[in-house]
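Thank you all for coming. Please take a moment to look at the sequence and the structure on the screen, and then I will go through a few places in turn.

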Amino acid sequence: DVAAAAAADLPCTDRSEGSTAWAHMWDAYPKYMTEITGIDFVSDQTQGLAADAAAYAADMKEKGCSGLGSHPLDPTMQVSWCAKTVDSAPLAYHCPESCGCSAGAGGVGCGEMCRTNASSGR
């Protein structure tokens, strides 16, 4: 897995602060949810889904990795942001500290540096 290999050499610190990739990911969140669920999260105002998705994305974009404390699950799919799913890579690539990688959780997306630090007690 290319993403896992890239994460292996990254430091075990959260990297969302000021990240262009983080901002782009959350800007695309409503469209992405529309693509994977078939439900319109972009323009549907009837059920309020578009407004909810936009507000959620804006909150996560603003808070960065620390937002995982108040939003640990994707609100639509009800899966952990830190876990890999069939449809997405884990946010542990961006947020290893917030996802518990430095505590030795060692989940998918936790880079080798996190595993090394956890095993050495750092």
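Let me begin with a question: which residue takes a positive phi just after α3? That residue is G38, and its phi is about 80°.

Before we go further, please keep in mind that this is a predicted model, with a mean pLDDT of 77 for the protein, and with 72% of its residues reaching 70 or more. Among the elements, helix α1, which covers residues 2–8, has the lowest mean pLDDT, at 56, whereas helix α2, which covers residues 20–27, has the highest, at 90.

Now let us turn to helix α3 itself, which runs over residues 29–37 and whose buried residues are Y29, P30 and M33. These three lie on the same side of α3, because the arc they cover around the axis is only 100°. What do the buried residues of α3 pack against? They pack against both α2 and α4, while on the other side of α3 we find K31 and E35, which are exposed.

Finally, I would like to look at E62, which is part of helix α4, residues 49–63. E62 counts as exposed because its relative accessibility is 70%, and the cut-off for that word is over 50%. If we compare positions in sequence and in space, E62 and A23 are 39 residues apart along the sequence, and their C-alpha atoms are 8.6 Å apart.

Note on methods: Residues numbered from 1 in each chain as written. Predicted model: local features only at pLDDT ≥ 70, side-chain atom pairs only at ≥ 80, totals over all residues. Heavy atoms only, no water. Helix = DSSP H or I, 4+ residues; strand = E, 2+ residues; numbered from the N terminus. Buried < 20%, exposed > 50% of the residue type's maximum accessible area, 1.4 Å probe, protein only. pLDDT = per-residue confidence, 0-100. Arc of directions from axis to C-beta. Contact = heavy atoms within 4.5 Å.
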